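Visitor: I am new to this structure. Could you take me through some of the terms used for it?

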Amino acid sequence: MRCLNCDAEMANYDVITKAGELSYDVCEKCGSLWLDRGELDKMAFQVMGSIEFCSEEEDKTPESKSKNCPRCDIGLSRVRFLGETNIVLHHCKNCGGFWLDGGELNLIDNELTKIMPVTGHGFSDFVNNVHIPYWYKRIRRPSSETDFKIKVEPIPGAKHLKPTNDKCPVDGGTLDLYSIFSMKFEGCPNCRGLWLVKDELRKLKNKALEGRLHWLNDEVDDIEKTSAVRTDRPCPKDGTKLLSVVFGKSSLVIDWCPKCHGLWLDRDEFECVIEYLNTEQGNATRADVEKEIVDDLKKLWKGGPEGRVAEIGDVASAVMALANFAVFEHPALFRFLTNTAAAGHSIGMD
């Protein structure tokens, strides 16, 4: 493993003491640390419960150099330690590891002593060469001898099922079958792209974020109406050359098959679709939502492409979005609903 800051070869230490065992990677040039999942809990000062949680929202402060996870080779997220502190760490959302720049472990320890009881100093004292007489064993090896890689699924949280006979349009490798949200889809284990048959993108985005994107369908419906450019990528199902199209009003370019109407999303593009739709939802006006409700009711009456249950879900989601406008435009209504919910909770209503 190379240091993400100074590119020096890191060292792996396996330390065994009376308190337990810990393996960690350290840059002996700049003091940076790589801690796999569970190692920060052991390394930092000891407290009740796990400290390996952080803010969901990423810190957007520009960096001079981005960092990729040494296990997964995906970008590390900049998140706030414990969710609310001013300590910003690099965290891998796939494998759960943490990258700590030199000195950040001390910041974490100092913060822990301020906000909660500390029952022990864990291994952090051993890293700083304090309790050397209490070591049972300390093994130092070049980090390259202990490195390993962790597989990254096309969509975070997806479960791998089995290989298929279809070929990846990017690298020609075999696509695998995955499942997420009780749905199945195909993806490439090498380039991490994913293949979605007709209407699967609609279903996936409806499942994402607990249905809050359920009513945003225009971008999906209009894919086949958008200006397209032919590519050299073959459709995994019938070999037809895929067409590149721009998704909605974004700058995101995805590929679709004019014959079977399947969609190919390159690595991380599904997350980009969700991020774009979240932005569209945030920018939607009351008039936009009212129009969506009318359109969805027409589809429900005539029988839309998604089926009756899905169309009802679209209407319900849009109505909830409209209700949010009404609530925040009328503070008295907001207070009434808040007080009603609190009263219901007090008598055991959920």
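Guide: This is a predicted model. Tyr13 and Tyr24 are both buried.

Visitor: Why is the pair of Tyr13 and Tyr24 called stacked?

Guide: Ring centres must lie within 6.5 Å to pair, and planes under 30 degrees apart count as stacked. The centres of the Tyr13 and Tyr24 rings are 5.7 Å apart and their planes stand at 20 degrees, so the pair is stacked. Tyr13 belongs to strand S1 and Tyr24 to strand S2, so the pair ties together parts 11 residues apart in sequence.

Visitor: What makes the pair of Phe247 and Tyr276 edge-to-face?

Guide: Planes over 60 degrees apart count as edge-to-face. Here the planes are at 75 degrees, with centres 5.8 Å apart, so Phe247 and Tyr276 form an edge-to-face pair. Phe247 lies in the loop between S13 and strand S14, and Tyr276 in helix H6.

Visitor: How do you know whether Phe247 is buried or exposed?

Guide: Buried means under 20% relative accessible area. Phe247 has 0%, so the residue is buried. Tyr276, at 11%, is buried by that rule as well.

Visitor: Why is Asp222 called partly exposed?

Guide: The label covers values between 20% and 50%. Asp222 has a relative accessible area of 33%, so partly exposed is the term. Asp222 is in the loop between helix H5 and strand S12.

Visitor: What makes the charged end of Arg71 count as sitting over the ring of Phe148?

Guide: One condition is that CZ of Arg is within 6 Å of the ring centre. For Arg71 and Phe148 the distance is 3.9 Å.

Key: Residues numbered from 1 in each chain as written. Predicted model: local features only at pLDDT ≥ 70, side-chain atom pairs only at ≥ 80, totals over all residues. Heavy atoms only, no water. Helix = DSSP H or I, 4+ residues; strand = E, 2+ residues; numbered from the N terminus. Buried < 20%, exposed > 50% of the residue type's maximum accessible area, 1.4 Å probe, protein only. Phe/Tyr/Trp six-rings, centres within 6.5 Å; stacked < 30°, edge-to-face > 60°. Lys NZ or Arg CZ within 6 Å of the ring centre and 35° of its normal.
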